[in-house]
Amino acid sequence: MSEEKKKKSNAFTIMKDDSTDGHGGYGVGSVSLENISPVIIDPNEDRAFVDMGAMHARSEVERRVKFLPNKEDVPNGKLYWIVWVTVERGEIGPYYHGVTGCEIRVDRSIKRAYKSMPEHVNHMDKSMKGHMIVDHMDEKSQKLLADFLREFDPVMWKNSSDELKQALPE
């Protein structure tokens, strides 16, 4: 697959859902997820990629495992991060508005994994509100995320807050 096609398939877009379109029926007042995308950070394989399946807990790393609520139950789990990235458009153009990371541990040998659903929900909400929560991520994962965001769209990176740029390593 060409580099250009790869980049297009990793676009930061989501379902179109205008909850304020005036019909007044089911879903009015619900939160729009139009500008948020999940980026998977895989420090084991040195890669970062958008996986829209994570919106419904069906990302590449989440499939074919049973999630357990206690990290101790998955002692040999490989570390992954789902990073909720919200994009907004400001006066100077599009920018990374909110970036929040959530840990996942996956042990394929026992088909078990750990993630905190409340953390994922809260971090998704905080990303949409413009928070930067990446300080709990390991340094290698932070670097993978920073490189991905910079390379994905240098203009969005340039337009982003100093808070984000300081939170992620060069």
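This is a predicted model: local features need pLDDT of at least 70, side-chain atom pairs count only at pLDDT 80 or more; totals for chains, interfaces and linings use all residues.
Visitor: Is Glu-163 buried, partly exposed or exposed, and why?

Guide: Start with the scale. Buried means under 20% relative accessible area, exposed means over 50%, and partly exposed is in between (1.4 Å probe, protein chains only). Glu-163 counts as partly exposed because its relative accessibility is 47%. Glu-163 is found in helix 5, residues 162-167. Helices (H or I, at least four residues) and strands (E, at least two) are DSSP runs, numbered from the N terminus.

Visitor: What is the mean pLDDT of the chain?

Guide: pLDDT is the predictor's confidence in each residue, from 0 to 100. The chain has a mean of 86, and 81% of its residues reach 70 or more. Contact means heavy atoms within 4.5 Å.

Visitor: How many helices and strands are in the chain?

Guide: The chain has five helices and seven strands. Read along the sequence, the pattern is α-β-β-β-β-β-β-α-β-α-α-α. Of the 170 residues, 43% count as buried.

Visitor: How do I read a helix? Which residues of helix 2 are buried?

Guide: Check the length, then the sides. The expected span is 1.5 Å times one less than the number of residues. Helix 2 (residues 117-128) has twelve residues and reaches 17 Å from its first C-alpha to its last, close to the expected 16 Å. Its buried residues are His-120, His-123, Met-124 and Ser-127. They cover an arc of only 105° around the axis, so they are on the same side of helix 2. That arc is taken from the directions from the helix axis to the C-beta atoms. On the other side of helix 2, Pro-118 and Val-121 are exposed.

Visitor: What do the buried residues of helix 2 pack against?

Guide: They pack against strand 1 (36-42), strand 4 (78-90), strand 5 (93-107) and strand 7 (132-133).

Visitor: What follows helix 2?

Guide: Gly-130 does, with a positive phi near 95°. Gly-130 lies in the loop between helix 2 and strand 7. Leaving aside neighbours within four places in sequence, Gly-130 is in contact with His-97 and Gly-98.

Visitor: Which residue other than glycine has a positive phi?

Guide: Ala-57 is one of them, with phi near 55°. Ala-57 sits in the loop between strand 2 and strand 3 (66-68). Its relative accessible area is 24%, so Ala-57 is partly exposed. Asp-46 is not a glycine either, and its phi is positive, about 55°. Asp-46 belongs to the loop between strand 1 and strand 2 (47-50).

Visitor: Where does the charged end of Lys-115 sit?

Guide: A charge sits over a ring if NZ of Lys or CZ of Arg is within 6 Å of the ring centre and within 35 degrees of the ring normal. Here the charged end of Lys-115 sits over the ring of Phe-67, 4.8 Å from its centre.

Notes: Residues are numbered from 1 along each chain as its sequence is written. Side-chain values use heavy atoms; hydrogens and water are left out.
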